[in-house]
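Please read the following briefing alongside the sequence and the three-dimensional model. It takes up the chains in turn and then the confidence of the prediction.

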Amino acid sequence: MSFAIRRFARPLARREVLRGMGSIAIGLPLLEAMGCDRPDGGVSPRVAGLADPRAPQAALPLQRFIATSIPNGVVPSAWFPTGGETDFVTKPIMDPLPEHALPGLAEHRDDLVILKGVWHKAASLGPEKSHNEGHSCTLTGTIMQGPPGTTVDAGWTLVGPSLDQYLADALEQIAGVPFAKKSLPIVPGASFNGSMSYDAQGTAIPVVSSVTGLFDELFGLTSLSAAEKEALRLRRHSVLDSVLGNYTKLQGRLGAGDKARLEEHLDALRKVEQRIDTEIVCDAPDAAAYPDPPEGFSGPNLRDWADLMQDLLVLALSCDVTRVATISYRYCGGGSSYLPWLGFSADYDTGEHHEMSHRYMDPAWDPALILAAQWYCGLTAQLIGKLKAVPEGTGTLFDSVILFQGSDVATGHHTWEDMPYLLAGSGAGALATGRYLQMPQQIPHNALLVSLLQAFGLSDTSFGDAEPDSGPLPGLLG
Amino acid sequence: MLDSRSRTGATLGFAVALVGACYDGVADDPASGEAGEGATEGALDSASEGASDGAEPADCDTPQPGPAPIRRLTRRELDNTLTDLLGPDAALAAAMLPTDVQARIFDTDIASHGITEELAYAYMRLAEDVAVAATTDVPALVGCDVAQGEACAREFVTSLCSRAWRRPCSADEVDGLVALWAAGDDFADGVQRVIEVVLQSADFLYRPELGDIVAAVDGAVPLDSYEIATRLSYLLWGTMPDDELLAAAEADALRDPGGIATQVDRMLDDPRAAEQVVWFHEQWLGLTAIESTVKDPALFPEFATARVAMRAESARFVEAVVLGGGDLGDLLMSPSTYVNDELAAFYGLAVPGSGGEFVEVQLPPDRHAGVLTKGAFLAIGGNQASSSPVRRGVTVLRQVLCGEPAPPPPDVMGSVPPPTPDTTTRERFEVHVSDPACSACHTLFDPIGFAFEHFDAAGRWRDLDNGFAVDASGDLIGTDVDGAFDGAAALAAKLADSEQVRGCYVDHLFAFANGRLVDHDADACTTSALRSEFAAADYGLADLVVALTQSDAFRYRRSEP
């Protein structure tokens, strides 16, 4: 995959950098600027922006991308602000919920860009024009392919990649080294429907659903001594070498088509080999503080799961394990989303979120729908607060972040215009925040995806086949 | 390159061959109601890539298998295999693997089996976790005296390798794994390393088929007995070969149809075969979606729990028909079904008094006919409050008749006219018939959907729709059994008599069994043989499965450059 990169020379070849990988954790001086030491770093020309420690020669600031999504859209009258671009006043969905110990997005008003007039054209052209497409195509901007009038089980296909994966590849190329984790897709439960992250072939990136699983992935090795880590690294290389030998040997006996398939697997194995050489530079938190909530995330423990996963996401970013993460908390459609902690009934007919969202005709349901959206937005506000609580350089971790919050529909009756999209964070000064941007007419959200890539220093002008060559979203970037 | 790369956004790759101007401007006359031979054979291009006139191939006297790209274990197959190889605790470790993303109808389709770096990493972690789980009791695992050191390790490695890779391992392979064991910190650590390598290897995750190249005949290479054992066990049981199959392979008894038949008879009697049969049919008709199908709770309050029983109902029906010696006609027309107390009450039937247990009941045959009148199929073909004739019709057209309606033009937003109190569901779709921009395509499937109008959104029989009499009549167009029908049972009778439907079923079973869509050119000998066998067996469904295992394509692969 090649990227249109706006500035700087081609980064170092992987091998050159990796040769020093055994001591990278200690060797690269600027890594001390993150992790747990947090001395003052240099101040870049951008607002509190740090130079990318892995590519200091690139003179690019360190930036991170987070995508999240709230289910079942919003009640528009309680979402879109009043007022103009900079003097806007937020509406109730952005208010805090003190009884749930949740802040509101309004608290971060000056760090937000609230958008109106963005159209999920990709979903509007899908086979079912429903939550599946709305959610899965949020970051791909591509049209889901499938027989019309069918459900996803009929065998839909999706062309990727999603923005987070594309961006992660670009950031790794820019940095010249792989990150310990290319990206962090946090989704409760693995399913085609639930994932926002897809590779170029439309294969869903395997998601992270378990708190202990993610903890183990991030920090399972940090309790090991340096000698133990090295022994594990060598052991994994030994095992993978044998495995690679097995594939290569079999490949030699196959015809051209099968040879090519196995070559793909070999490529994947080689990338795994590189990735196991990367180090995670962080003191591990106490594992006992990160258990899997009983009954996981599907029951009343969703908040516990969300809190723990957010903490781990923040840790992963602050330790530079990865720079790209997605997180969502509940699947949107499907009729199994109960929110008893909000006082919603356990009866399917009167308490299931998706069911209620379809009663758009009856305003009697608005308070419940507003409360649900407010709760999910409170989780986003909480995440922003956690990012702001991590010092980095002369500012905080949040300074480098652009967070995108989407939804799988605009409103419960599967509308696609005026998607309730917002951005939070400037990405080290790439984005001017504290704004309410209204588009002059409905613009396909591919333009937003393009703008996000441009905010990360890429010069793409097209992303996703729903609206090829869309160019950026007018007025979003300077 | 991988098939999945050639996904161009086309749908399931079915050849479009229906009469009518709605396919890419093919200027055929609209159906006159009489399907000519060309139309029939065109319509037989089901579940296939590439059109064909379907003519009898020139020479099928020597084996002419179609392509057999190397296949990877599906998630389900992997779970089953790990259980059989190392026990259920080991299989639990596989829970951390991501679910396959299903790109086609069947989970076996290699189009769904792309590999990502993350997946390869997940396989590594899986192998590590399985190795730990499997070595909680090392002496029990290896079955020899650990104190003997390398001698015992070699014995274990030889056994594990051959079972996991489903064929004897060479001396070099065993030596290599023993060397890996020897590099371990201790006996147990060495065993773990061996398990990790064995489970990540291509010989485990994929199903290589090299065959006996020396014995090739006209470019067709006979598979060896181990490879046939693997094909049999994954086709019929979704898991690795059992000891009896492996013994037959070791005796090289599976290269001839007789040896295969002996095993197949035994295997079809095993409960795992029933699971596979159900799994195939559920995917074929999209019935797995029933458990996530949602209905308006005000209209169908019990549906949310009834839908689970509906899945079991269809499963038991299919299993009983297929493994009970039934034929395609039974599958499509039998008025029997299986209900427990809850489901019987939901359908408004006499409650059998069996509690949660399912019992067979007979329904009125003028109303209920086969799998298409089961609640699962009907409810999936419905919106939350109303039936969806378009969805039901399209599903039957695509999955049962292997027709391929073109997608709607991009500027049609596809909004369903809202229900009103003065019309039936059918009448709401009048515009599909009256507007020429719609009718060219919609007359191919709406009428099929109307056949089911006596079933509401939740799959229950109704005499009235919105208080009005139901009109379930229609005309089949563009098929080999065109003509008028009234009601689902009459439609089912037509379908049961249709060569097109028979060929379509064969093609779907082929796709499931082979991990790819039928190629009517490359698979011509195979499909024509299967169709003949199917007919000779009066369309017995289990007979078709047997015929699949007896075909040349099952025992040979073609040599690839």
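**Overview**

Chain A contains 13 helices and nine strands, where helices (H or I, at least four residues) and strands (E, at least two) are DSSP runs numbered from the N terminus. This is a predicted model, in which local features need pLDDT of at least 70, side-chain atom pairs count only at pLDDT 80 or more, and totals for chains, interfaces and linings use all residues; side-chain values use heavy atoms, with hydrogens and water left out. Residues are numbered from 1 along each chain as its sequence is written, while chains are lettered from A and ligands numbered from 1 in the order in which they are written. The model scores ipTM 0.87 and pTM 0.77.

**Chain A**

- Of the 478 residues in chain A, 61% are buried (under 20% relative accessible area, with exposed meaning over 50% and partly exposed in between; 1.4 Å probe, protein chains only).
- Among contacts in chain A with a separation of 6 or more, 69% are between residues 24 or more positions apart; a contact means heavy atoms within 4.5 Å.

**Helix 11 of chain B**

- Helix 11 covers residues 243-250 of chain B, and its buried residues are Leu245(B), Leu246(B), Ala248(B) and Ala249(B).
- Seen down the helix axis, these buried residues fall within an arc of 160°, so they line one face of helix 11 of chain B; the arc is that of the directions from the axis to the C-beta atoms.
- The buried residues pack against helix 10 (225-236) and helix 12 (257-268) of chain B.
- Asp243(B) and Glu250(B) are exposed on the face turned away from the buried side.
- Just after helix 11 of chain B, Asp252(B) has a positive phi of about 55°.

**Strands 2 and 3 of chain B**

- Strand 2 (residues 336-339) of chain B is covered on both faces, with Ser336(B) and Tyr338(B) buried on one side and Thr337(B) and Val339(B) buried on the other.
- Strand 2 runs antiparallel to strand 3 (residues 359-362) of chain B, and four bridges join them; two strands pair if DSSP finds at least two bridges between them.
- Ser336(B) has Gln362(B) of strand 3 as its bridge partner.

**Confidence in chain B**

- The mean pLDDT of chain B is 86, and 86% of its residues reach 70 or more; pLDDT is the predictor's confidence in each residue, from 0 to 100.
- Residues 1-54 of chain B have pLDDT below 50, although this stretch has 117 contacts in the model beyond near neighbours in sequence.
- Where pLDDT is low, the predicted coordinates should not be read in detail.
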